[in-house]
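These are my notebook entries on one structure. I set down what I looked up, entry by entry.

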Amino acid sequence: MLRDLRIWECPELKSFIYESSEENSNTTVPSLFNKNFICFPKLENLDLNECHVKKIWDDEFLASSTSFCCLKKLDVYACKFLKCVVSSSTAASFNQLESLEVRGCEAMELIVRRDERMDKMSFPKLSLLTLWNLPRLSKFSSGIFSEFPMLWELDIQNCPELKTFISESFEEKANTTMPSLFNENFICFPKLEKLRLVGCLVKKIWDDEFLASSTSFCCLKKLDVDDCKFLKCVVSSSMAASFKQLEDLKVTKCEAMELIVRKDERMDKMSFPKLSLLSLGNLPRLSKFSSGIFSEFPMLCDLYIRNCPELKTFISESFEEKANTTMPSLFSENVALPSLKTVWVEGVDGLKMIWQYGRLSNNAESFCQLEDVKVEKCKNLMGIFSSGMHTRLGNLKWLKISECEMVEEIFEMETSNCGIEEVAGKQEGLETVVSPDDEFVFPQLREMELQSLPNLVSFYAGRHTLSFPLLEELEVIECLKVKAFSGSELLSYQGRHESLFSTIFSTKVRLSFFNHIDSSRLRS
């Protein structure tokens, strides 16, 4: 009735039951378990920790054996002489296996060694597969079609030699094409929901033959790619069409990453219908999310972009890239983001502008749900919003702009094709047509912080009245050129609270619930 077997820190243990012939002749590598001497018909959990065995199962263990047929959890940790976990014929006994974790085995080269008499294997109940810190692991298995019908989570971390999950013998010999981690001809993951790749030196995750019609990865909800330094893109647009359930996408510390989704010529539109979180961080070569393809994110709520110095636009247009006749902005008419609530942009030096209202005319609902905007350390950024964007900021509650040395105004004027100011603004040589009764209203804005903006002159230099009916806190820190928050009045700061209020807010600003102002180092 043995159900749990844990063997920890037994470095001299080579075999559970030794055969005298093995001890004397030493002609074969001894295995920990030999089918002639043990029987574990009810064993469910096997945990091997720092055992210096070279082989776990004898080659004579077959699927017909009653031992290990009830095994549900197998954990192999820091077994430094072990080169593989199991043969495919023994793995055929593991019909009840639910969790397989292999970690810190420095000699491990593959997980399942293929027996020549088998060309297919299945782990019918496996839901969790973890492969961590295996410096010599080059594959899970080789040349055998592998089914994981119930696999829910796959976590691969710090396996630098892993190039493909199931290798093909002809690829290994010819090496004529770039191997991908996942090949449709050799794996099936119809239930996979979580995929995490950390510290893997793969050059390609999915084979080009993976199509939206494939059952693999169609349930993927969370994809995390971190520190994969040779990876140039995450996925093709045709493969991304399979990601109908994807909710969370994080890509960080991939130094060669140039774009997230590579456009296939046969596609001109893509959608991530359930994606709610997108985080891109520490990608020094990333220039765009994708190129020349209209992209919909109907459920995206949170967008975080950090330390991507080459990023200039989210979805680029090929004609813009060639002609470069207009200043690109982060968001254009090629992307639809109707549910976006949080945007944090930090350390994106390639940006010139974030929102240009005139370039969003085809996406009337985009950005109307924005609540939280933070922009920091974008040294070449010239503007945050064009003035027309105020019509979409009815839900904005929190705004922070800091350490953007080129920003002069938070809201810049935008003009129509006939040269008339569309919303409001002040520009040299331009006549503006503005009703004095018109207002820019920010009905939900409660907190605003402007910090370390050495060239900031004003929040908005147009002639509209600004209205902040719910503003509770304003911080203006190290903004040495600020003269007025709105309009043309230039009032000096005399060191008194009343004068400070007049300096930052001109007579064309209305506040109803204003409670606190912090003007630390506003002017020297």
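Are Phe 148 and Phe 189 buried or exposed? I found that both Phe 148 and Phe 189 are buried. Buried means under 20% relative accessible area, exposed means over 50%, and partly exposed lies in between (1.4 Å probe, protein chains only).

**Entry 1. Ground rules**

I noted that this is a predicted model, in which local features need pLDDT of at least 70, side-chain atom pairs count only at pLDDT 80 or more, and totals for chains, interfaces and linings use all residues. Residues are numbered from 1 along each chain as its sequence is written, and side-chain values use heavy atoms, with hydrogens and water left out.

**Entry 2. The chain as a whole**

I looked up the secondary structure and found six helices and 38 strands. Helices (H or I, at least four residues) and strands (E, at least two) are DSSP runs, numbered from the N terminus. The chain has 524 residues, of which 52% count as buried. Its accessible surface comes to about 23400 Å², with 47% belonging to carbon and sulfur atoms. Such areas come from the Shrake-Rupley method with a 1.4 Å probe, and for residues only the protein chains shown count as cover. I then turned to contacts (heavy atoms within 4.5 Å). Among the contacts with a separation of 6 or more, 79% are between residues 24 or more positions apart.

**Entry 3. Aromatic rings**

A pair of aromatic rings is described by the distance of the centres and the angle of the planes. Rings of Phe, Tyr and Trp (its six-membered ring) pair if their centres lie within 6.5 Å; planes under 30 degrees apart count as stacked, over 60 as edge-to-face, and the rest as tilted. By this rule I recorded 41 aromatic pairs. Phe 33 and Phe 40 form an edge-to-face pair, 5.8 Å centre to centre with 90° between the planes. Both of these residues, Phe 33 and Phe 40, are buried. Phe 148 and Phe 189 form a tilted pair, at 5.1 Å centre to centre and 40° between the planes. That pair links distant parts of the chain, 41 residues apart: Phe 148 is in the loop between strands S10 (145-147) and S11 (153-157), and Phe 189 is in the loop between strands S13 (187-188) and S14 (194-198). I also noted one aromatic cluster whose members include Phe 272, Trp 355 and Phe 468.

**Entry 4. Salt bridges**

Side chains of opposite charge can pair when their charged atoms come close. A salt bridge is a side-chain nitrogen of Lys or Arg within 4 Å of a carboxyl oxygen of Asp or Glu. How many salt bridges does a search of the whole structure find? The search gave 14.

I looked up the bridge of Asp 75 with Arg 103, whose closest N and O atoms are 3.1 Å apart. Asp 75 lies in strand S3 (residues 73-77) and Arg 103 in strand S5, so the pair ties together parts that are 28 residues apart in sequence. Asp 75 counts as buried because its relative accessibility is 10%. Glu 101 is found in strand S5 (residues 99-103) and, at 16% relative accessibility, also counts as buried. Leaving aside neighbours within four places in sequence, Glu 101 is in contact with Asp 75, among others including Leu 74 and Thr 130.

The side chains of Glu 147 and Lys 120 meet in a salt bridge of 3.7 Å, N to O. This pair links parts 27 residues apart, with Glu 147 in strand S10 and Lys 120 in strand S7 (residues 120-122). Glu 147 is partly exposed at 25% relative accessibility, and Lys 120 is partly exposed at 45%.

For Glu 376 and Lys 374 I recorded a salt bridge with the closest N and O atoms 4.0 Å apart. Both Glu 376 and Lys 374 are buried. Salt bridges that share partners join Lys 374, Glu 376, Lys 400 and Glu 449 into one network. Lys 374 also lies over the face of Trp 344, at 3.6 Å from the ring centre. For a charge to sit over a ring, NZ of Lys or CZ of Arg must be within 6 Å of the ring centre and within 35 degrees of the ring normal.

**Entry 5. A loop residue**

Where does Glu 255 lie? Glu 255 is in the loop between strand S17 (248-252) and strand S18 (261-262). Glu 255 counts as partly exposed because its relative accessibility is 46%.
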